Amino acid sequence: MNEENIPSNLIDRLRTNLKAAEITVSEADLQGMLEKGFLRSPMAFDAALSRISNDFIPDYLKSWGDTFQEATESHQNNPATPAKGKTLPVRQQQQSIEEIAPLIQKREISPLELTRQALNRIGERDSDLNAFQLVLAERALAAAKQAEQEIAAGNYRGPLHGVPVAVKDLLAMRGTITTAGSKILANWQTDFDAAGVERLEAAGAIIVGKTRMSEFAYSPGSNNAHYGPTHNPYNLEHDTGGSSSGSGAAVADGLVFAALGTDTGGSIRIPAAQCGLVGLKPTFGRVSLYGGVTLAWSLDHLGPMTRTVGDAALLLKILSGYDARDIRTRPQSLENLGNLEAGVKNLRIGVLTEDGSGQPLATDEALTAWKAGLAVLEHNGAELIEVNLPEMRDLWAVNGAILGMEAASYHQPMLKERLVDFGEFMRQRVLAAFAYGPLSFVRAQQARVSLRRRFEALFEKIDLLSTPPVPAVAPLLGTPTPTFFTAPFNLLGWPAVSVPVALSADGLPLGMQLVGKPWDEATVLQAARVVEAYVEGRL
């Protein structure tokens, strides 16, 4: 084994913990963990703990959902003129749900026609994209026929009625197999629906299929040892990002109008950023995860991936709400989400300048696109406030630690019995989580409290925080993307959206991330709407 720069006590701890868990691991897997850098996550966590006090009451003893008073002080702004030209692309010529829904309601277009178009498009394109794990043609056509009859009878259910959509293949759907991108669950057929599926179908949406994902959602790339990677519609040699890779490709390529993804460290926002979409991670507890295969119980989020901000808001309203089957959910209101056109005048937007790495935040192209989005916000009345947040890397490290420990706990029975049925990347990454020490989980929850307080104090001075969503354009196919800017907000549980801003010189999407206070998706989406309007030439 190449143990250079990896403390020997960490490797000894890994071996000891695996033995105690009755998991037999090969030297090849141990070598793979080192070569892939998986053991650097426990090292980063140990380094973060050295900077954080252990005097805090652990986060899991706090009742989730507490909010803090919003700051109301307004500020003057000094608007700049946003850059024009090829920095900002025009959205692909595809209709949004906002555009198609009135036509369906007025019976100018048929749900059956739309569903047939979606299925034909999947048939034409999915051999190139590999976006779908399962296509539900007969079921979708039957649902579309029913929607058409209901609308003709005057029983219109709302803007999703008759609209073709897709769901990530870790959401249970009655009578179908839910693989979660794995070989282990390749034959797992459920007799129940996930809450997200229930809510889509209650709204009249037509679910045409279930989308590809990285194995058990444990990669921010589309790499999957069992079902292959998902190709980026903008360039088939590049990745879509993960783990909601198929959902990203399906929406971006016009196969469906929207799709559901899950996000534990960035798995909605990363593929959205790399596929030119709007990807919304709601506040933790906003949307039920009942019926979804777990990656990490305290970090998982379910949310929409759409072509527009308005479509994301529509789906958020449909998906949200308390669910007694998921103790994480809260009955928070979405009444204030209706006015997406409220604008950003006098909004204070924190602009990340330092994330604790000591390195540039992103490539020049990614920074240019992000700054173009910031200029749009400033030009429309927002105040930009530079913020130095070295704690970002600590948030990332603690998120990775909790994710690893929760994932290892969930998968331990399968690791004991079916180790060889995990793909190499997934197997080695989850095994590496056994390198965390016996006190790590509690210490991580104490660190979570400390870091949350730092960001609560920050958000008394700002209304939103903005960062790049990813540090560069989509990498080559099957390559995971860093989660430095996305994972911190899974740890906090706060709402965040990725919105497209530009295309690179090679025609790959680039975007910006906007992060808000708990339960304040309204402000997040209002700011994203302003950026989107400029990108589409409406401002």
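Select Gly-321: this glycine follows helix α10 and has a positive phi, near 135°. Helices here are DSSP runs of H or I with at least four residues, strands are runs of E with at least two, and both are numbered from the N terminus. The model is predicted: local features need pLDDT of at least 70, side-chain atom pairs count only at pLDDT 80 or more, and totals for chains, interfaces and linings use all residues. Residues are numbered from 1 along each chain as its sequence is written, and side-chain values use heavy atoms, with hydrogens and water left out.

**Helix α10**

Step back to residues 309–319. Nine of the eleven residues of α10 are buried, so the helix is largely enclosed by the rest of the structure. Buried means under 20% relative accessible area, exposed means over 50%, and partly exposed lies in between (1.4 Å probe, protein chains only). Among the buried positions are Val-309, Asp-311, Leu-315 and Leu-319.

**Val-499**

Val-499 sits in strand β12, residues 496–503. Its relative accessibility is 1%, so Val-499 counts as buried. For a distance check, pick the C-alpha atoms of Val-499 and Arg-529: they are 8.7 Å apart in space, and the two residues are 30 apart in sequence.

**Arg-348**

Next, select Arg-348 in strand β9, residues 348–354. Is Arg-348 buried or exposed? It counts as buried, because its relative accessibility is 2%. Show Lys-461 as well: its backbone oxygen lies 3.2 Å from a polar atom of the Arg-348 side chain. A polar contact is a pair of N or O atoms within 3.5 Å; within protein, one must be able to donate a hydrogen and the other to accept it, and residues adjacent in sequence count only if both atoms are side-chain atoms.

**Ser-182**

Move to the loop between β2 (164–168) and α7 (195–202), where Ser-182 lies. Ser-182 has 0% relative accessibility and so counts as buried. Not counting residues up to four places away in sequence, Ser-182 touches Glu-215, Phe-216, His-226 and Tyr-227.

**Glu-148**

Select Glu-148 in helix α6, residues 137–152. Glu-148 is partly exposed, with a relative accessible area of 30%. Beyond residues up to four places away in sequence, Glu-148 touches Ser-110, Pro-111 and Leu-112. A distance drawn from its C-alpha atom to that of Gly-493 gives 39 Å, for residues 345 apart along the chain.

**Whole model**

Zoom out to finish. The protein has 16 helices and 13 strands. Its radius of gyration is 22 Å, close to the 24 Å that the globule rule gives for 539 residues, so the protein is as compact as a globular protein of that length. The radius is taken over C-alpha atoms, and the rule is 2.2 Å times the number of residues to the power 0.38. Along its principal axes the C-alpha trace spans about 70 × 60 × 45 Å. Buried residues make up 61% of the 539. Of the contacts between residues at least 6 apart in sequence, 80% join residues at least 24 apart.

Terms used: Contact = heavy atoms within 4.5 Å.
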